[in-house]
Amino acid sequence: MNEENISIQSNQKFTSGNLGLFVRLPLTKHNMSMASLLCRMQMNESELFPDPSLQQVELQQRYSFQFEAVVQLFGKEMVISYLANFVEPQEILDPDYNYRQIAETFAGLATRPLITPSSVQLAQRQLEEEYQELMAEPSNAALSAFFNNWYADQPDYAASFIGTIEDITKATSQEVRRFADAIKTQASCVIGHVYDARQVKRLLKKKLQQEEGWPGLALDFGSRDLLISAPDLRIEKTDEQGKQQAQLFLGYAYKGQPSLQDLATGTVLRQYLTGDQSSRLFSKVREENGAAYAVESNWYADNALFLVNAGLDPDKLDLARQIIGKEMQMVADGRIDPGLLKQSRQALANRHLLNQDHASWLLAKDLRYKLHADYEDFDMMAAVSRVTSGRLADFAQKLYLNESYVLK
């Protein structure tokens with residue numbers, strides 16, 4: 001077993017602890033569909049608690065032990081995340097509630113799924129209903145269509161929600177069992193923050209190595225090849241469905257491979273453009289011109305994509321597009337509001353300080369650093385503080401409008 005792949009840190013300022021078992025595997029639509037199905041099944045029931053209602057009741061009785069199984073995307077790779085949050089034993093005067101029980105419960109839920117035809121069918125029904133609800137939201141439908149356009153030549157990378165509902169609904173219990181057995185051999189790691197880190201690491205090592213058998217923990221979890229380079233599209237597409245509100249998605253491709261400093265700079269640009277009510281696009285698109293109900297942006301560094309999207313009246317589409325394009329060009333030209341830039345850096349620093357008091361945020365940060373093999377010594381906030389007007393302009397100059405998509 002790779003000792004570095006079980007990393008439990010002592011955290012004595014929280015009254016609750018957390019643990020995560022993470023499994024990395026290639027992002028394909030099939031893998032994502034099967035992982036989404038398996039995760040939903042594990043959220044319902046397990047060999048440890050072989051009944052949906054029983055599992056939830058039992059976990060609540062164990063001092064609100066919370067378990068979640070989700071799929072996360074990181075460029076070319078996806079990660080199945082098994083997460084547990086629990087009250088620290090020293091907070092409870094109960095000799096039967098201890099780290100051994102916590103470790104056994106967590107390992108049992110994560111590694112021993114109950115796979116039967118009925119458990120598969122229940123999860124399939126749940127995911128099908130959830131998918132229909134998701135796609136009923138225009139913003140979700142537009143985002144899905146945007147990525148289908150962006151990755152038209154690489155359809156495996158277009159899966160932005162749960163994979164394909166067709167793969168999910170036709171899966172058999174035998175196929176799910178084969179997938180569940182196969183993920184044990186994929187690169188895995190355990191991360192956690194608890195009061196007594198040494199004891200929990202010893203318990204989990206014994207449980208996962210000797211009892212459950214999880215060979216993936218012996219493999220290197222980090223990767224230096226996550227980036228999906230942006231395709232060169234330069235396309236403009238519109239789907240007309242008679243919506244009262246239009247969804248505008250403008251995808252700016254990043255030329256080349258983003259550096260670690262680019263990761264921070266893109267985050268600052270996002271805050272500068274749409275971070276709060278004083279941000280450039282919020283004030284220009286929404287407040288001054290009334291062209292949008294909402295406007296936001298996201299920096300997908302692993303996808304070389306800076307995405308700006310807005311929900312707006314259909315007759316304000318051209319105006320909103322012009323404003324967004326003008327603001328992006330102003331940044332690239334170095335016409336940057338120094339006061340707002342300073343405010344954006346400070347907002348990110350403040351958010352970072354607040355997040356440090358949330359154990360779930362620390363776990364997510366540790367996962368990203370563990371997955372990106374070159375992040376080990378990267379200080380995000382130090383990089384944010386180094387983002388000047390010049391660096392912001394240099395970053396924006398490497399962006400070009402690659403896809404304009406409208407759903408109306």
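This is a short walk through one structure, stop by stop, with something to select at each.

Before you start, know that this is a predicted model, in which local features need pLDDT of at least 70, side-chain atom pairs count only at pLDDT 80 or more, and totals for chains, interfaces and linings use all residues. Residues are numbered from 1 along each chain as its sequence is written, and side-chain values use heavy atoms, with hydrogens and water left out.

**Stop one: His 193**

Select His 193 and you land in strand β5, residues 188-194. Helices (H or I, at least four residues) and strands (E, at least two) are DSSP runs, numbered from the N terminus. Is His 193 buried or exposed? At 4% relative accessibility, His 193 counts as buried; buried means under 20% relative accessible area, exposed over 50%, and partly exposed in between (1.4 Å probe, protein chains only).

Now show side chains. The His 193 side chain makes a polar contact with the side chain of Asp 366, at 2.7 Å. A polar contact is a pair of N or O atoms within 3.5 Å; within protein, one must be able to donate a hydrogen and the other to accept it, and residues adjacent in sequence count only if both atoms are side-chain atoms. Setting aside neighbours within four places in sequence, His 193 is in contact (heavy atoms within 4.5 Å) with residues including Gln 9, Asn 11, Glu 88 and Leu 362.

**Stop two: the β8 to β9 loop**

Next, pick Asp 302, in the loop between β8 (294-300) and β9 (305-312). Asp 302 has a relative accessible area of 10%, so it is buried. Beyond four places in sequence, the contacts of Asp 302 include Phe 74, Gly 75, Arg 368 and His 372.

Stay in the loop between β8 and β9 and click Ala 304. Ala 304 is buried, with a relative accessible area of 0%. Look at its backbone too: Ala 304 is not a glycine, yet has a positive phi of about 50 degrees. Most residues other than glycine have a negative phi.

**Stop three: Arg 234**

For another positive phi, go to Arg 234, where the angle is about 55 degrees although this residue is not a glycine. Arg 234 sits in the loop between α8 (197-212) and β6 (235-239). With 53% relative accessibility, Arg 234 counts as exposed.

Asn 31 is in helix α1. Asn 31 is buried, at a relative accessible area of 15%. Leaving aside residues within four places in sequence, Asn 31 is in contact with Leu 25, Pro 26, Met 78 and Phe 179.

Then select Asp 156, in the loop between α5 (138-150) and α6 (165-170). Asp 156 is partly exposed, with a relative accessible area of 34%. Which residues does Asp 156 touch, not counting those up to four places away in sequence? They are Leu 27, Thr 28 and Lys 29. The Asp 156 side chain reaches the backbone nitrogen of Lys 29 at 3.1 Å.

**Stop five: helix pairs**

Switch to cartoon view. Axes are lines fitted to C-alpha atoms, for helices over the stretch in contact, and angles run from 0 to 180 degrees between N-to-C directions.

- Helix α1 (residues 29-44) and helix α2 (residues 52-61) have axes that come within 7 Å and cross at roughly 65 degrees. Here Gln 42, Met 43 and Asn 44 of α1 meet Pro 52, Gln 55 and Gln 56 of α2.
- Helix α4 (residues 117-136) packs with α5 at about 95 degrees, their axes 5 Å apart. That makes α4 roughly perpendicular to α5; angles under 35 degrees count as roughly parallel, over 145 as roughly antiparallel, 65 to 115 as roughly perpendicular and the rest as oblique. Leu 134, Met 135 and Ala 136 of α4 meet Pro 138, Asn 140, Ala 141 and Ser 144 of α5.
- Helix α9 (residues 260-274) and helix α12 (residues 338-355) have axes that come within 9 Å and cross at roughly 110 degrees. That makes α9 roughly perpendicular to α12. Among the residues making the contact are Thr 267 and Tyr 272 of α9, and Leu 340 and Arg 351 of α12.
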